[in-house]
Amino acid sequence: MSEAISIDPARGFVALPASIFDLEISPGAFRALSVLCNLSDPQGYSWASLEQLAEWVHRAKSSVSSYLVELRAAGLVSTETQTRSNGANYRLKIKVLFWSKWVQARKKCASPAPQKTERSVQPAERPTKVKHKPIKTHHSRPAASKRVKKIYQAWQTLTAGMPYGKFAGHASPALLRDTAAILNAASVSHALPAAEVSQQLQQLWTGLAIDLPAPDLARMTGKCLDRGFTSDQMAGLCNEIQGSWQPHWQRPPTTKQFDAMFDAARSGVTAVTMLRLIRHDFSKYQATHN
């Protein structure tokens, strides 16, 4: 028997529509597409940096970037660069455009007989490198509208490279007017109570088949409470942990591991985060320019 690959049922498998072989794409692009399908959630979304994709595709970052261009041109994927709060590129939001319909088609072809052991069976298409179905996914986090993103970027430009509370210039009347309008229309996100934070964390680690000791749960809960985590931020933390957790990890994370995932989750800029930063900059600007 060939030992070129390791047959590990725990890693699942990826089923692709046969029509893909009719497409005129390069072998490298096909390999990249296969990796993206393996990472995608049922709607076709995945989040990875070019560095991560380069590692999984076993090619240079420049090659992976060209593969993505090729896949976009073929109408197979769409991409969106996500940034940190300081404006630096963080990771890619990639959608395999045919994946959602393909998943639904495969469900219709599946055997209708229910299996009592379904929860312990590995899914056919695994959304990430984790062993269990995600509790929440990145796409469940509120997406920022183009208007919010535009206003957020405008305030980031005014504060870039400046000391805290200082601005590089004057905000235009249009920016001030639009900012006031979106803040008046936005609902305020409140910090979650301790019981809900603890419950979400417990569900997360149970879903990953990790027996988390009570002191570890208390420490994680306290860290989230100290930062006043909202529902959006908790969803981001759960998604970050699920996306980075490896199938063969069977022990609770060390303090260093959890802190790294915690910081990575907080660096993502969601709609709620953008609005919070816009509100902060707007109030500072009003205080110093009125």
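Buried, here, means under 20% relative accessible area; exposed means over 50%, and partly exposed lies in between (1.4 Å probe, protein chains only). The model is predicted: local features need pLDDT of at least 70, side-chain atom pairs count only at pLDDT 80 or more, and totals for chains, interfaces and linings use all residues. Residues are numbered from 1 along each chain as its sequence is written, and side-chain values use heavy atoms, with hydrogens and water left out.

**Glu51 and Lys61 form a salt bridge.** A salt bridge is a side-chain nitrogen of Lys or Arg within 4 Å of a carboxyl oxygen of Asp or Glu. Searching the whole structure gives 4 of them. Between Glu51 and Lys61, the closest N and O atoms are 3.0 Å apart. Glu51 lies in helix α2 (residues 50-57) and Lys61 in helix α3 (residues 61-73), 10 residues apart. Helices (H or I, at least four residues) and strands (E, at least two) are DSSP runs, numbered from the N terminus. Glu51 is partly exposed, at 46% relative accessible area. Lys61 is also partly exposed, at 38%. Side chains of opposite charge can pair when their charged atoms come close.

**Glu80 and Lys149 form a salt bridge.** Their closest N and O atoms are 2.9 Å apart. This pair joins distant parts of the chain: Glu80 sits in strand β2 (residues 77-83), Lys149 in helix α5 (residues 146-159), and 69 residues separate them. Glu80 has 32% relative accessibility and counts as partly exposed. Lys149 is partly exposed too, at 30%.

**Asp178 and Arg147 form a salt bridge.** Here the closest N and O atoms are 3.9 Å apart. Asp178 belongs to helix α6 (residues 173-185) and Arg147 to helix α5; the two are 31 residues apart. Asp178 is partly exposed, with a relative accessible area of 27%. Arg147 is partly exposed as well, at 43%.

**Asp216 is placed in helix α8.** The helix spans residues 214-226. At 21% relative accessibility, Asp216 counts as partly exposed. Asp216 and Pro252 are 36 residues apart in sequence, yet 8.4 Å apart in space, C-alpha to C-alpha.

**The structure holds 0 disulfides.** Cys224 is in no disulfide; the nearest cysteine sulfur belongs to Cys238, 8.3 Å away. A disulfide is a pair of cysteine sulfur atoms within 2.5 Å. The sulfur of Cys238 is therefore too far from that of Cys224 for a bond. Cys224 is buried, with 0% relative accessible area. Cys238 is buried at 2%.

**The largest nonpolar core has 25 residues.** A nonpolar core is a set of buried Ala, Val, Leu, Ile, Met, Phe, Trp, Tyr and Cys residues joined through side-chain atoms within 4.5 Å. Residues with the most contacts inside this core are Leu33, Leu36, Leu53, Leu71, Val77, Val96 and Phe98. Two or more residues come from each of α1 (27-39), α2, α3, β3 (89-96) and α4 (99-109). The largest share, 7 residues, comes from α1.

**Leu33 meets residues from beyond its sequence neighbours.** Contact means heavy atoms within 4.5 Å. Neighbours within four places in sequence are left aside. Leu33 is then in contact with Ile20, Leu71, Leu76, Val77, Val96 and Phe98.

**A second, separate core has 21 residues.** Among them are Leu204, Cys224, Leu237 and Met261.
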